[in-house]
Amino acid sequence: MPVTAEPPEPPTLESVDPNEYEDAEVVGDTDYRREEIETFLREGAWAEAFELWAADTDLDDAGFGIVVDIEMLQHFDFFWDGFADRVGYHAPGIPEDWKQRDLHPDLDSWATVSAINAGLTELGQQVCEVLYDEYIDWESEYEAPDDLPEFDD
């Protein structure tokens with residue numbers, strides 16, 4: 001069941017060390033290139049990824065309405081992981097203590113929480129794929145050591 005919504009504004013990326021997230025680990029270079037990624041998001045990567053995701057997601061309009069109401073999309077983070085030659089991301093999620101926090105009147109089941117969290121993870125992955133495939137042309141800065149053996153054909 002696709003989400004029927006116009007692409008919202010892309011997130012503003014903050015200067016957070018990705019290693020602070022439980023779901024990310026970045027080794028090596030700390031040039032996360034957020035300014036360039038944020039520019040790509042604003043130039044169309046976010047809207048393109050959102051439309052691809054919205055057409056195929058299992059999240060329904062009601063669940064997406066909760067996401068919009070509690071402003072979860074602004075908590076996405078995207079960053080360059082030069083060591084792995086990829087775009088990394090951190091997707092926001094509904095916390096385990098959602099019942100105690102009373103986050104939204106329509107948030108009333110673990111099924112909805114799970115659908116939102118899974119849907120946002122899928123959106124993050126879709127954004128990374130669009131960025132990497134269609135916007136980023138950075139070369140990985142890995143340089144092979146000089147002492148690698150030469151193999152004859």
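Author: Let us begin with aromatic residues. In this predicted model, one aromatic cluster is formed by Trp46, Phe76, Phe78 and Tyr89.

Reader: How many aromatic pairs does a search of the whole structure find?

Author: The search finds 10 aromatic pairs. One of them joins tryptophan 46 and phenylalanine 78, with 6.4 Å centre to centre and 70° between the planes. This pair is edge-to-face, because planes over 60 degrees apart count as such.

Reader: Which parts of the chain does the pair link?

Author: The pair links distant parts of the chain. Tryptophan 46 belongs to helix H1 (residues 34–56), and phenylalanine 78 to strand E1 (residues 77–81); the two are 32 residues apart.

Reader: Are tryptophan 46 and phenylalanine 78 buried or exposed?

Author: The general idea is that a residue under 20% relative accessible area counts as buried. Tryptophan 46 has 1%, so this residue is buried. Phenylalanine 78 is buried as well, because its relative accessibility is 0%. Phenylalanine 78 also pairs with phenylalanine 76: that pair is stacked, with 5.6 Å centre to centre and 10° between the planes. Phenylalanine 76 is buried too.

Reader: What percentage of the residues in the protein chain is buried?

Author: Of the 153 residues in the protein chain, 39% are buried.

Reader: Let us turn to charged residues. Which residues form a negative surface patch?

Author: Asp69, Glu71, Asp106 and Asp108 form this patch. Aspartate 108 lies in the loop between helix H3 (98–101) and helix H4 (110–135). Its relative accessible area is 57%, so aspartate 108 is exposed.

Reader: What can side chains of opposite charge do when their charged atoms come close?

Author: Such side chains can pair. Here the count comes to six salt bridges. Among them is the bridge between arginine 33 and glutamate 36, whose closest N and O atoms are 3.0 Å apart.

Reader: How are arginine 33 and glutamate 36 classed by accessibility?

Author: Arginine 33 counts as buried because its relative accessibility is 18%. Glutamate 36, at 33%, counts as partly exposed.

Reader: With which residue does aspartate 81 form a salt bridge?

Author: Aspartate 81 forms a salt bridge with arginine 86, and the closest N and O atoms are 3.3 Å apart. Aspartate 81 is buried, because its relative accessibility is 3%.

Reader: How far apart are the closest N and O atoms in the salt bridge of arginine 101 with aspartate 97?

Author: In that salt bridge they are 2.9 Å apart. Aspartate 97 counts as partly exposed, because its relative accessibility is 31%.

Methods. Residues numbered from 1 in each chain as written. Predicted model: local features only at pLDDT ≥ 70, side-chain atom pairs only at ≥ 80, totals over all residues. Heavy atoms only, no water. Phe/Tyr/Trp six-rings, centres within 6.5 Å; stacked < 30°, edge-to-face > 60°. Helix = DSSP H or I, 4+ residues; strand = E, 2+ residues; numbered from the N terminus. Buried < 20%, exposed > 50% of the residue type's maximum accessible area, 1.4 Å probe, protein only. Patch = residues over 30% accessible without salt bridge, like charges linked within 9 Å, V, L, I, M, F, W, Y side chains within 5 Å. Areas by Shrake-Rupley, 256 points an atom, 1.4 Å probe, with all protein chains shown as cover. Salt bridge = Lys/Arg side-chain N within 4 Å of Asp/Glu carboxyl O. Lys, Arg positive; Asp, Glu negative; His and termini not counted. Charge placed at Lys NZ, Arg CZ, Asp CG, Glu CD.
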